[in-house]
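Here is a friendly tour of the inside of a protein chain. Keep the structure open as you read, and look up the residues as they come along.

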Amino acid sequence: MRLKYLSFVIYSLLFSVALTSCADFFDQESEHVIFTEKDHLNNATDSIYSVTGILNKLQTLADRTILLGEVRGDLMEVTTDANSDLRDLAQFNVKDDNQYNKPSDYYAVINNCNYFIAHADTALKNNRNEYIFMKEYAAVKAIRAWTYLQLVLNYGNVPFVTDPILTKQDAEKDYPRYDLAAVCQYFITDLAGIPDLYHREYPGYGSIRNTDSRFFWFPITLVLGDLNLWLGSATGSQAAYREAALRYYQYINERNGQNSAYPTEVSLYTYTPGSTTWLSTTSWGSLSVRESYEEEGELITMIPCDSIQAEGNYSQLRNLFNSTTENDYKFSLTPSQNMFDISESQMHCCVSNSGTSVIYAPQGMDEHRSGDLRLYYFFTEGYRLNRLTNERIETQNIGKYSTRNVHIYRRQMVYFRLAEALNQCGYPRMAFQILSQGLNNEVIQDEVYPYYSQNDSIWISQFDFPRSRYGIFTVEHLVANRYTGNINTMGMHSRGSGWTPMNEYYQFPDSVEQDGVNVAVPLAEQQEYVNNLLLTEDALEFAFEGIRYYDLMRFALREQNPGQFLMDKICNRRGEKNRDAVRGEIKSDLTNPNNWYLNWNGKIGF
């Protein structure tokens, strides 16, 4: 989908700026700024053309966003059919000419955003006294903030530019370098200044090539949540963690209008108790991420890509993750042994027909049906025979990559990051409920308030999940096979590991026995326990979606020895028995946090 070919757009000039000298992090041959000859963008044609031009530039980052966030993590391995650039990425051996190391593409998006922000006439009103271009202005500011966050997460230390670069003189200025904390602090202030109305309302461009344009935007509240979560991780700021939690809650509460519902939905996938083979499954809801817009839909934001390769911004993710005719059935990326180990190590809890007892599914079943079933749901293996040679060709399919578009945000991510932020705020019990049974006010009243002080309870009271909008799915509903009315909320772990609220292996650590006496578990140990649950859930729910490496980085930043923590996690790719082999293949010393990042031409990075 080439957004600059929209039928309703009247084409304006494309201005290509040659940038050199100290600003040669811009690609001298790319089109950096799409704009009109006028001083202001003050009509619909100019505005739509400029915004869709930005979205077109964003397409160049789509595949890279996923690959940089996944190939460097611990849940994937490159195959012998992978190109050398992917292999170097996995080995932290990225050179300047690696196709995934192009900071100029990020700056192309940023520069176009800077131009729009500088020239959009945000004071212009229509005959109903409504600001005409504020929706576009807010959307572009969110895109710029998200792009800068991706840039600094990948390069660590970056030239920071907020004015459009249009001349050689602009390019040759000395721009300050910002690290992660500085980027987060700048855009938290920048986005917080946008009126709340435009945190909820987005440009209305209708359906473009059968794709709903409401998926094209980066909600300001979610971007603010991420910026605060990263700022807290980089600086230890409790205020940032609290703000992150409130921003994620704000999105949930306002997704479909103020004080609306955006529940977790019931998506239970479990073995049928009593089956002799333990291979029968029962499910409610769906684990898939549909691209049709619904009030309670899972998908929030995606980068739309072209449908055919000739159009230029065609996503190759389908061909990297799956066996297709386009790649002669030779996939480049496959789940790591660590991914299989994490999935199969879960205790899958099945409830009896009476709802009073449980049975745990056995280990060692085929097709990855042991433990958590989400891997079984979206990953399949097989083979085909070469018609000419009769050679057996191993095939795989990862169902998360069956469309042309690249998904960025979805509902479960919001709840996951809300849980992470709450845990860092000092409320691990509340975070645990998101994983175990889901949140509503009754759960908070019974499972959270009794364990915290009055001041803590006052702060927690800002999170309002009324039963009328968030009905908890209970064991009674499960036994009765009933999914009706407002029964719409459950714990995230139950999406693949059976009925979590009755799972004796998945309990919050209230106390431990010492010398025959029950002793309360300190808060710090409870937080560490929940952190481990979160990292496990991160793998089970979001595997291969391009966030794993970044999440490992963020968790590592909060450790006493960040570098060792990250190195240990990455070296688990092939399981604990092969950690030394993985360590030997990695070309950078990840115990030094500076080596977590890419470098380019001595201009960007540490």
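Predicted model: local features only at pLDDT ≥ 70, side-chain atom pairs only at ≥ 80, totals over all residues.

## The chain as a whole

Residues are numbered from 1 along each chain as its sequence is written, and side-chain values use heavy atoms, with hydrogens and water left out.

The chain has 23 helices and 20 strands, taken as DSSP runs (H or I of at least four residues for helices, E of at least two for strands) and numbered from the N terminus. Among contacts (heavy atoms within 4.5 Å) between residues at least 6 apart in sequence, 71% join residues at least 24 apart.

## Two nonpolar cores

A nonpolar core here is a set of buried Ala, Val, Leu, Ile, Met, Phe, Trp, Tyr and Cys residues joined through side-chain atoms within 4.5 Å. The largest one has 159 residues, and F465 and F544 have the most contacts inside it. Helix α5 (residues 134–155) supplies the largest share of this core, 15 residues. A second, separate core has ten residues, among them L268, F473, V475 and M490.

What does F544 touch, leaving aside its neighbours within four places in sequence? Its contacts include I66, L75, F321, P335, F378 and Y401, as well as E70.

## Space inside

A cavity is a set of points on a 1 Å grid over the protein atoms alone where a 1.4 Å probe fits but cannot get out; lining residues have an atom within 4 Å of a point. Points are joined across faces, edges and corners, and a volume is the space filled by probe spheres set on them. Of the 21 residues lining the largest cavity, W146, Q150, R417, I547 and Y550 lie nearest its centre. Helix α5 gives the most to this lining, with four residues.

By class, the lining of the largest cavity has twelve nonpolar, four polar and five charged residues (Ala, Val, Leu, Ile, Met, Phe, Trp, Tyr, Cys and Pro count as nonpolar, Asp, Glu, Lys and Arg as charged, and the others, Gly among them, as polar). The second largest cavity holds about 100 Å³ of space. Its lining divides into three nonpolar, four polar and six charged residues.

Key: Buried < 20%, exposed > 50% of the residue type's maximum accessible area, 1.4 Å probe, protein only. 1 Å grid on protein atoms, 1.4 Å probe; cavity = no way out; pocket = protein on both sides within 12 Å on 5 of 7 lines; lining within 4 Å.
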